[in-house]
Amino acid sequence: MPPELAPSMIDEYPILFVAASFAQGRTVARGAHELRVKESDRIATMRTALEAAGVRTEEYEDGLTIQGSGGDPLPGNAQVASKLDHRIAMSMTVAGLGAAQPITIDDVGPVATSYPDFFQTLEALGQ
């Protein structure tokens, strides 16, 4: 991900990190310093959550490198702290859809902040 794109998509980075977890090869996302000062430190929180789910990552001050599974399910079997961040909770819920074992999120209540119908939408999509 080119660093110059970071300002225009800063809120999309958590779900981008999840997508990168399923991609082929390595994804390097840099230039996202602002993620450190959102609802949570989204770089550190996503690194911790993804690693708990079995994803290899490398953390930088301004982003992450993520080794993708090549389309294979994530191992899962993880307990994830959302840090009361709606985007972390939603992103890791989506990660759980592609995990071999459950990914449990401590608090999904903050999802109502930005997408109150998120779980109903997932259910309607067949999940």
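Which residues are buried in helix α2 (residues 42-52)? The legends below take up this question and then turn to other sites in the model, which is predicted.

**View 1. The buried residues of helix α2 and what covers them.** In helix α2, which spans residues 42-52, the buried residues are R42, I43, A44, T45, M46, A49 and L50. Their cover includes two helices, α1 (13-22) and α3 (86-97). Strands β2 (56-60), β3 (63-67) and β4 (78-80) also belong to that cover. An α-helix has 3.6 residues a turn, so residues three or four places apart point the same way. After α2 comes G54, with a positive phi near 100°.

**View 2. Packing of helix α2 with helix α3.** The axes of the two helices are 11 Å apart, and α2 and α3 pack at an angle of about 25°. Because angles under 35 degrees count as roughly parallel, α2 and α3 are roughly parallel to each other. The crossing in which α2 passes α3 is right-handed. On the α2 side the contact is made by R42, T45, M46, A49 and L50, which meet H86, R87, I88, S91 and M92 of α3. Sorted by class, this contact of α2 with α3 holds five nonpolar, three polar and two charged residues. R42, T45, M46, A49 and L50 are also among the buried residues of α2.

**View 3. Packing of helix α1 with helix α2.** Here the axes of α1 and α2 cross at roughly 30° and come within 10 Å. That angle makes α1 roughly parallel to α2. The α1 and α2 crossing is right-handed. From α1, the residues in contact are P14, F17, V18 and S21, and from α2 they are R42, M46 and L50. By class, the contact of α1 with α2 has five nonpolar residues, one polar and one charged.

View 4. Is T27 buried or exposed? With a relative accessibility of 18%, T27 counts as buried, because buried means under 20% relative accessible area. Leaving aside residues up to four places away in sequence, T27 touches A20, L64, T65 and I66. A20 falls within the range of α1 (13-22), and L64, T65 and I66 fall within that of β3 (63-67).

**View 5. The aromatic cluster of Y115, F118 and F119.** How many aromatic pairs does a search of the whole structure find? The search finds three. One of the aromatic pairs joins Y115 and F118 edge-to-face, at 5.6 Å centre to centre and with 70° between the planes. Another, between F118 and F119, is also edge-to-face, with the centres 5.0 Å apart and 80° between the planes. F118 takes part in both of these pairs. F118 is buried, at a relative accessible area of 7%. Y115 is partly exposed, with 33% relative accessible area. F119 likewise counts as partly exposed, at 33% relative accessibility. Together, Y115, F118 and F119 make up one aromatic cluster.

**View 6. Positive phi at N77 and K83.** N77 sits in the loop between β3 and β4. Phi of N77 is positive, near 55°, in a residue other than glycine. N77 counts as exposed, with 63% relative accessibility, because exposed means over 50%. K83 belongs to the loop between β4 and α3. K83 is not a glycine either, yet it has a positive phi of about 55°.

**View 7. P2 and A29 in space and in sequence.** P2 is found in the segment before α1. At a relative accessibility of 35%, P2 counts as partly exposed. P2 and A29 are 27 residues apart in sequence, while the distance between them in space is 7.1 Å, C-alpha to C-alpha.

Terms used: Residues are numbered from 1 along each chain as its sequence is written. This is a predicted model: local features need pLDDT of at least 70, side-chain atom pairs count only at pLDDT 80 or more; totals for chains, interfaces and linings use all residues. Side-chain values use heavy atoms; hydrogens and water are left out. Buried means under 20% relative accessible area, exposed over 50%, partly exposed in between (1.4 Å probe, protein chains only). Contact means heavy atoms within 4.5 Å. Helices (H or I, at least four residues) and strands (E, at least two) are DSSP runs, numbered from the N terminus. Axes are lines fitted to C-alpha atoms, for helices over the stretch in contact, and angles run from 0 to 180 degrees between N-to-C directions. Angles under 35 degrees count as roughly parallel, over 145 as roughly antiparallel, 65 to 115 as roughly perpendicular and the rest as oblique. A crossing is left-handed if the near helix is turned anticlockwise from the far one by less than a right angle, and right-handed if clockwise. Ala, Val, Leu, Ile, Met, Phe, Trp, Tyr, Cys and Pro count as nonpolar, Asp, Glu, Lys and Arg as charged, and the others, Gly among them, as polar. Rings of Phe, Tyr and Trp (its six-membered ring) pair if their centres lie within 6.5 Å; planes under 30 degrees apart count as stacked, over 60 as edge-to-face and the rest as tilted.
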